[in-house]
Amino acid sequence: MTHTPTAVRPDDRMRSHCPFCSMQCSLDLHLAPGSSLGYELKPSPDFPVATGRLCQKGFHAFDHTVHTERVMQPLRRSAEWEWWQSNGAGTGDLAARSLSSEATSTAWSPAAWPEALDDIAARIRQLQERYGPDSVAVFGGGSLTNEVCYLLGKFARVALRSRYVDYNGRYCMSSAAAAQQLAFGIDRGLPFPLEDIPQADYLILAGTNIAECQPTLMPYLLAAKKKGAVIVTIDPRRTMTSKIANHQLTIEPGQDSLLVSGLLHVIVEERLYDADFVAQHTEGFEAMQEAVRAFSPDRVAALTGIPEGTIRQVAREFAGAKRGIVLTARGLEQQVNGVEHTLQYINLCLLCGHIGKPGSGFGSVTGQANGQGGREHGLKADQLPGYRSIEDPDARAHVAGVWGLDPRELPGKGVSAYELFGKVLDGDIKAMIVLGSNPVVSSPNNARVAEALAKLDLLVVVDLFETETAAYADWLLPGTSFLEVEGTMTNLEGRVFYRPRVFEPAGASMSDAWLLCALAERLGRGRYFSYSSMSEVFDELCRASAGGKADYSGLSYPRLQEAQGLFWPCPGPGQAHPGTPRLFAGGVFPRAGGRARLHAIAPQPPAEVADTEYPYLLTTGRLGGHYLSGAQTRRTDALAKKAPEPVAELHPALAEQLRLREGDRVRLTSRRGSLDFAAKVTADIHPRTIFVPFHWGGDLAVNRLTNDALHPVSRMPEFKVCAVRAERARTEQAAPALVHTAKADALSD
Ligand SMILES: Nc1nc2c(c(=O)[nH]1)N[C@H]1C(S)=C(S)[C@@H](COP(=O)(O)OP(=O)(O)OC[C@H]3O[C@@H](n4cnc5c(=O)[nH]c(N)nc54)[C@H](O)[C@@H]3O)O[C@H]1N2
Ligand SMILES: Nc1nc2c(c(=O)[nH]1)N[C@H]1C(S)=C(S)[C@@H](COP(=O)(O)OP(=O)(O)OC[C@H]3O[C@@H](n4cnc5c(=O)[nH]c(N)nc54)[C@H](O)[C@@H]3O)O[C@H]1N2
Ligand code: SF4
Ligand SMILES: [Mo]
């Protein structure tokens, strides 16, 4: 039985936006009395970005919100379950069981909100009295509205007075953010609107599979192509995106800096660069030139396997193009060298003067629905709203002023998302609130995360579903879906827009904002969280952001409701500023001196390289029909049917060596564990690389194998490269289960 939604204002056309990727395509729900859901979902005909278009996930975005497994009321871990666990019956894979309703009925007892909030607040107080304010942590997500991201950061610092807050965006945009900050002094995924893309003559798409991950962006690329643009894809796989490319460079994971050194070498050596732009708008040229000197295209060809002629051709063509764009994404960013790889692609744009002009520029394609806004409003361990540093005394004074606090009351910086789990294992963090993420599926080396979650004295998960992470929770609180709360989102272009509320919250669920304010009240900090509407939260966010890098202070709900989105920075006061669709106009960068920085990069190998024991490289990523940890899309029948389980892609030469045929099961073993997957044999992948998507939990979660090495600055994990062994799985010999760990097991150790 599905849940029947109640419209706030029944109307024949109710506007919303897809909850999944950063395109934030607009959709309308139309009344359809005869249909099973009572509404029909259609793309909006009049919102920019993806007018009239949705991808397969967007068309099914309504399905999970009415799913029979929606959590409808606060759930407390039941005494029966605790008993069952502590009596030895709980050694199985709890995460896998969590999807069955049978487990749910014995695992939880329903509770009313006051009981839930009182108990959680009392336990937090107890833990903080005993272990200090930092013993409680918050783990947030980039799918949440700007208002909720802002409140989560404020809740951690003001209600909990804890330094420990971070979010899943650390796994996503942190390397690109660090690189753009270093080179440009500001981090906005795309510094130009999508409508500029068709003007480009040359597009390099590196580590970005737009056709599956932002499908409605494809028409922009196709429009450029139709006008004669050349498209290059750089990826270990020939992807759906590569199908529109003139050149596909099949790179081994981890080698982007090396490859781009070769491109830069040719451009410098042959003096193809834009000397005027370099002289007037950049710094650091000499050191960069020196750094690429040793990377002649023949040497890079020998090291990467990409033909010398191709390296020379792409370098010459990109430098010679009138207008060039480089787009990157997680392929090269989710690595211990992710910042450096990104800086190399930025070098390429700067060197050729392809920046700050229409149809030119560098962009990192943001991932989650609000992956952009999520990284601006203080949800990061080291950040305050407005993209301010928590270590900057002026920023602290400004934000503390808006919040009505003494700046000395604000905690300092904490640690990154993955490191929070390390703090749990060290015993420093005793309680965690997870809101808008499913980290036991989406974190690297996830057995360690499971171990940490099991060790917590208190885990509160706020979600629509009993996720694999919720399987470790003491309290599971019902979150609202994107259709059930109003708020603002910021898409990959930096376009801030208003998303109305369409339906009443399902069951007893309450908005995340309400929940945080109600909990703050019970922690004795209610006076800092007293809002009468969501627009009041937004107005405060705007004031807190005033003067910061991501300045929203000229925005308001009425303004956004009228416009089809406005681009930040949009400084106030008043309603006058039109927003900033294009950053860096005229080659002016928001750094001291106004110049962008070229970086001298010495290419480094990934944390793990192939060796005799682990001879292949595993890389991970996405499929078009599933979203992230799969909590939502695995529950959408039409999507789950197309891709019911993860399949390992590997090259025919490797398959032959392993005596594997299509459909056989392959066992992959990394230094962290071993899992079996069905094999897909395809010539579209680098011969020594294996690709597995990460949208599943339990024994299907490829993050059991991935490397938790972190970038030294961005703290991004190396999701995209780890060394593995591969062999044909013998069916009678099941792969070892996720090493985990029910809470009771860990406690009884
Ligand atoms: N369908 C779908 N769409 C999504 C999402 C989803 O889960 N499903 N998630 C959203 C989110 S949060 C994000 S962050 C984005 C991610 O969007 P993308 O970054 O485009 O997606 P990925 O599949 O993770 O990685 C992109 C490509 O990088 C390649 N790659 C792997 N290693 C390397 C390398 O070393 N160098 C290079 N150059 N390429 C490499 C992979 O083969 C893959 O094709 O997508 C968003 N959109
Ligand atoms: N191996 C590997 N691992 C990866 C990656 C990779 O490429 N490879 N990519 C990484 C990247 S880029 C990302 S972004 C992460 C993301 O990974 P996760 O953070 O796990 O992302 P989601 O699956 O979107 O989890 C969001 C959860 O919040 C719930 N939710 C959705 N909307 C709301 C809401 O409004 N309120 C509340 N309370 N809950 C809500 C959903 O039901 C879901 O359970 O995964 C990372 N992990
Ligand atoms: S492209 Fe992204 S935002 Fe648009 S419908 Fe698909 S998943 Fe949703
Ligand atoms: Mo992401």
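Author: A helix here is a DSSP run of H or I with at least four residues, and the helices are numbered from the N terminus. Keep in mind that this is a predicted model.

Reader: Thanks! Where is the place of Asn445?

Author: Asn445 sits in the loop between α19 (439-442) and α20 (446-455).

Reader: Why is Asn445 called buried?

Author: Buried means under 20% relative accessible area. Asn445 has a relative accessible area of 11%, so Asn445 is buried.

Reader: And what is the phi of Asn445?

Author: Asn445 is not a glycine, yet its phi is positive, about 45 degrees.

Reader: Let's turn to Phe584. Why is Phe584 called buried?

Author: We use the cut-off again: under 20% counts as buried. The relative accessible area of Phe584 is 6%, and therefore Phe584 is buried.

Reader: Where is Phe584 found, and what is its phi?

Author: Phe584 belongs to the loop between β21 and β22. Its phi is positive, about 65 degrees, although Phe584 is not a glycine.

Reader: Which residues do β21 and β22 cover?

Author: β21 covers 566-567 and β22 covers 596-597, and Pro569 lies in the loop between them.

Reader: What is the omega of the peptide bond from Trp568 to Pro569?

Author: The omega of that bond is near -5 degrees, and the peptide bond from Trp568 to Pro569 is cis.

Reader: What about the peptide bond from Gly572 to Pro573?

Author: The bond from Gly572 to Pro573 is cis too, with omega near 0 degrees. Pro573 is in the loop between β21 and β22.

Technical notes
Residues numbered from 1 in each chain as written. Chains lettered and ligands numbered in written order. Predicted model: local features only at pLDDT ≥ 70, side-chain atom pairs only at ≥ 80, totals over all residues. Heavy atoms only, no water. Helix = DSSP H or I, 4+ residues; strand = E, 2+ residues; numbered from the N terminus. Buried < 20%, exposed > 50% of the residue type's maximum accessible area, 1.4 Å probe, protein only.
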